Amino acid sequence: ATDNQINGNTISGNNLRGILIVGSGNIRNRVQSNTFTGNAGPAIDLGSTTATDFNGGNGITPNDVGDGDAGPNTYQNFPVITQASPSGTVQGTLNSLPNGTYAIDFYASGTCNVTGPDAQRVLGSTFVATDASGNATFNLTLPSPPAAGEFVTATATDLSGNTSELSSCFVISSAQQLITITASDSTASEQGPSPGAFTFARAGPTDTPLVV
């Protein structure tokens with residue numbers, strides 16, 4: 001199917017995936033603001049380029065650099081979430097076609113299945129623009145923040161309506177708010193070159209990057 005909008009639905013309890021789009025010419029199928037839960041396969045599966053039925057699912061399709069491949073919904077690349085917190089702050093990247101505009105839609109779920117993430121709750125959205133190399137970043141505070149212990153995921157949709165599969169899960173840890181930075185004092189002589197040395201100490205989890 002081509003040129004469809006699947007918006008605002010609850011898609012739950014399927015024995016296979018939630019939504020399957022197959023066939024190389026089946027594009028511009030916009031899938032936004034839906035919730036997915038309890039499906040046995042991926043919430044959104046951009047499947048085989050040759051199949052025409054439910055047997056054409058192929059699971060999670062990896063991103064390709066520059067997003068130059070063709071297939072269902074153009075095999076639109078999904079975003080990569082690099083940071084998220086219970087305060088609602090979420091950061092990440094998108095690599096896709098150069099000089100394009102994309103809607104990034106965020107979801108939360110209490111589970112992260114090995115077959116693909118769920119999307120049980122809509123958190124918010126933003127737009128990003130890729131540069132000449134096809135790269136974009138996002139850094140925003142969501143209007144509906146995730147809770148500690150939930151998983152955050154996202155989709156990307158181009159202006160033509162090609163929606164990606166869901167991104168990999170990013171778990172929200174309450175410990176992420178407990179990072180602290182302290183620095184030692186330092187003294188230096190006013191006469192002649194005399195550098196001061198400061199020692200910075202980080203307390204809390206160390207599994208996320210931090211810039212001081």
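In the predicted model, the side chains of E150 and R121 meet in a salt bridge, with an N to O distance of 2.6 Å. This pair links distant parts of the chain, 29 residues apart. E150 sits in the loop between strand 13 (135-141) and strand 14 (151-158), whereas R121 belongs to strand 12 (residues 121-129). E150 counts as buried, because its relative accessibility is 16%, under the 20% limit. R121 is partly exposed, with a relative accessible area of 28%.

In total, three salt bridges were counted. One of them joins D3 to R28, with the closest N and O atoms 2.5 Å apart. D3 lies in the segment before strand 1 (4-7), and R28 in the loop between strand 3 (19-21) and strand 4 (29-32), so the contact ties together parts 25 residues apart in sequence. D3 is partly exposed at 49% relative accessible area. R28 is also partly exposed, at 31%.

R17 forms a salt bridge with D45. Here the closest N and O atoms are 3.6 Å apart. R17 is found in the loop between strand 2 (10-12) and strand 3, and D45 in strand 6 (residues 44-46), so this pair ties together parts 28 residues apart in sequence. Both R17 and D45 are buried.

The surface also carries a nonpolar patch. I181, F198 and F200 make up this patch, which covers about 310 Å². F198 is located in the loop between strand 16 (180-183) and strand 17 (200-203). F198 counts as exposed because its relative accessibility is 51%, over the 50% cut-off.

Key. Residues numbered from 1 in each chain as written. Predicted model: local features only at pLDDT ≥ 70, side-chain atom pairs only at ≥ 80, totals over all residues. Heavy atoms only, no water. Patch = residues over 30% accessible without salt bridge, like charges linked within 9 Å, V, L, I, M, F, W, Y side chains within 5 Å. Areas by Shrake-Rupley, 256 points an atom, 1.4 Å probe, with all protein chains shown as cover. Salt bridge = Lys/Arg side-chain N within 4 Å of Asp/Glu carboxyl O. Helix = DSSP H or I, 4+ residues; strand = E, 2+ residues; numbered from the N terminus. Buried < 20%, exposed > 50% of the residue type's maximum accessible area, 1.4 Å probe, protein only.
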